Amino acid sequence: MINMTSDKKITIAYIEELIAKLAQEKNLTDEEFVTLIATPYPEETNKILAIAADKVRRQHYGDKVYVRGLIEFTNYCKNNCYYCGIRAGNCKAQRYRLTKEEILACCKEGYKLGFRTFVLQGGEDPYYTDERVCDLVATIREAFPDCAITLSIGEKSREAYAAYKQAGADRYLLRHETADELHYGKLHPESMSLANRKRCLKDLKELGYQVGAGFMVGSPYQTIKNLVCDIRFLQELQPDMIGIGPFIHHKDTPFNAEADGSLSLSLRMLSILRLCFPYALLPSTTALGTIAPNGRELGLKAGGNVVMPNLSPTSVRKHYQLYDNKICTGEESAQCKSCLELRVKAAGYTIVSDRGDVRK
Ligand code: SAM
């Protein structure tokens, strides 16, 4: 039955069979992945997938949900990714960068609130030279020795990644965005390449970071085959974290008229990834919460086990506008944390306050 040819009618029983196989073997053939992702029964498929994904996440992580304090410390960026609201070419973006002291104040506030992981994310800002990044990381490392430091500052040289590690960084988030060369070229200018993105991820792994890759769901020109290609790339890389969320258009980018990614496909991909990578840390992202009011709760139920409340000062939050209508731009850090705590509880899980390292 599993080897049915693609011209046969796909039944819900067959979809169930595929999900059982995926849960058992953590893998499917390309054709089976395509069938599952493009299911003619999205609602039922998502329900069955979420039950299977939840079972697996509970086996590995119980009902725990890990929190990461997100500090969006600069929205200057030298790159021009077509989808991103803080791209260099967006002259309407109001630029800001936090000082070292301001970043430390965010960490201090976060520590008081129980955060034991700080994620420093930003555009590729030339002001933040490798030297400055190292100085920042070393200062946080010294002030908060029991916390994990995650960087998400884009493509750098192997030497730079090594220096950040030496200074005290533990983890690095760098979504690969799409593992298909042609698709990559449709999302980025010629100056950027998938080869370099992959080189970065390989270097980060070899240097001993806990590494996060990932992609947007429903980005312009994305096909189901591209999504299968993403799964194959992740299987090769075996990242510790996988960040996915729907693409959402931004009015001042070349993709301003493109359709947003769907909640349904995003949740389906989240569950599929949980079944392929039972050990992984999978965030239920802000983008998911932006396309649906209960998106993050649904993301947790679909297999997610990480949330990333914002620790950036309220005065700059609205300027880290990667896409239109981004949520959580008006709240204080404490409000953001307690709002997420309630959402996690309502979804049937428990927020924990430890570093939340990967359990491989
Ligand atoms: N500069 C770093 C990098 O390149 O990894 C980190 C910051 S970058 C803005 C963080 C992530 O935001 C990207 O990896 C991308 O997947 C996501 N992102 C950017 N624009 C988006 C959009 N319009 N919709 C959804 N996600 C978006």
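Guide: A residue is called buried when its relative accessible area is under 20%, exposed when that area is over 50%, and partly exposed in between. The model discussed here is predicted.

Visitor: Is Cys328 buried or exposed?
Guide: Burial requires a relative accessible area under 20%. Cys328 has a relative accessible area of 15%, so the residue falls under that limit and counts as buried.

Visitor: How many disulfides does a search of the whole structure find?
Guide: A disulfide needs two cysteine sulfur atoms within 2.5 Å. The sulfur of Cys147, a buried residue with a relative accessible area of 0%, has its closest cysteine sulfur in Cys107 at 7.9 Å, which is too far for a bond. Cys328 is likewise in no disulfide, the nearest cysteine sulfur, that of Cys336, being 4.4 Å away. Over the whole structure, the number of disulfides found is zero.

Visitor: How many residues apart in sequence are the parts that the pair Glu72 and Lys326 ties together?
Guide: The side chains of these two residues meet in a salt bridge, with N and O 3.1 Å apart. Because Glu72 belongs to strand 2 (residues 69–74), while Lys326 sits in the loop between helix 13 (314–317) and helix 14 (333–346), the pair links parts whose separation in sequence is 254 residues.

Visitor: Which is the relative accessibility of Glu72?
Guide: Lys326, the salt-bridge partner of Glu72, is buried, with a relative accessible area of 9%. Glu72 also counts as buried, and its relative accessibility is 2%.

Visitor: Which residue forms a salt bridge with Arg116?
Guide: The side chain of Arg116 meets that of Asp146 at 3.6 Å, N to O. Arg116 lies in the loop between helix 4 (100–112) and strand 3 (117–122), and its partner in the loop between helix 5 (130–143) and strand 4 (148–152), so the pair ties together parts 30 residues apart in sequence.

Visitor: In which helix do Lys337 and Glu341 lie?
Guide: Lys337 and Glu341 form a salt bridge, their closest N and O atoms being 3.4 Å apart. Lys337 counts as buried at 10% relative accessibility, and Glu341 as partly exposed at 33%. Because they are four residues apart, about one helical turn separates them, and the element that holds both is helix 14.

Visitor: How many salt bridges does a search of the whole structure find?
Guide: A salt bridge requires a side-chain nitrogen of Lys or Arg within 4 Å of a carboxyl oxygen of Asp or Glu. The pairs described above, including Glu72 with Lys326 at 3.1 Å, belong to a total over the whole structure of 23.

Visitor: Which strands stand at the edges of the open sheet?
Guide: Six strands make up this open sheet, with parallel pairing and the order 2-3-4-5-6-7. An edge strand has a single partner, so one side of it is left without a neighbour in the sheet, and the strands placed in this way are strand 2 and strand 7 (241–246).

Visitor: Which residue of strand 3 stands opposite Glu72?
Guide: Strand 2 and strand 3 pair in the parallel sense over five bridges. Glu72 lies in strand 2, and the residue facing it from strand 3 is Gln121.

Key. Residues are numbered from 1 along each chain as its sequence is written. This is a predicted model: local features need pLDDT of at least 70, side-chain atom pairs count only at pLDDT 80 or more; totals for chains, interfaces and linings use all residues. Side-chain values use heavy atoms; hydrogens and water are left out. Helices (H or I, at least four residues) and strands (E, at least two) are DSSP runs, numbered from the N terminus. Buried means under 20% relative accessible area, exposed over 50%, partly exposed in between (1.4 Å probe, protein chains only). Two strands pair if DSSP finds at least two bridges between them.
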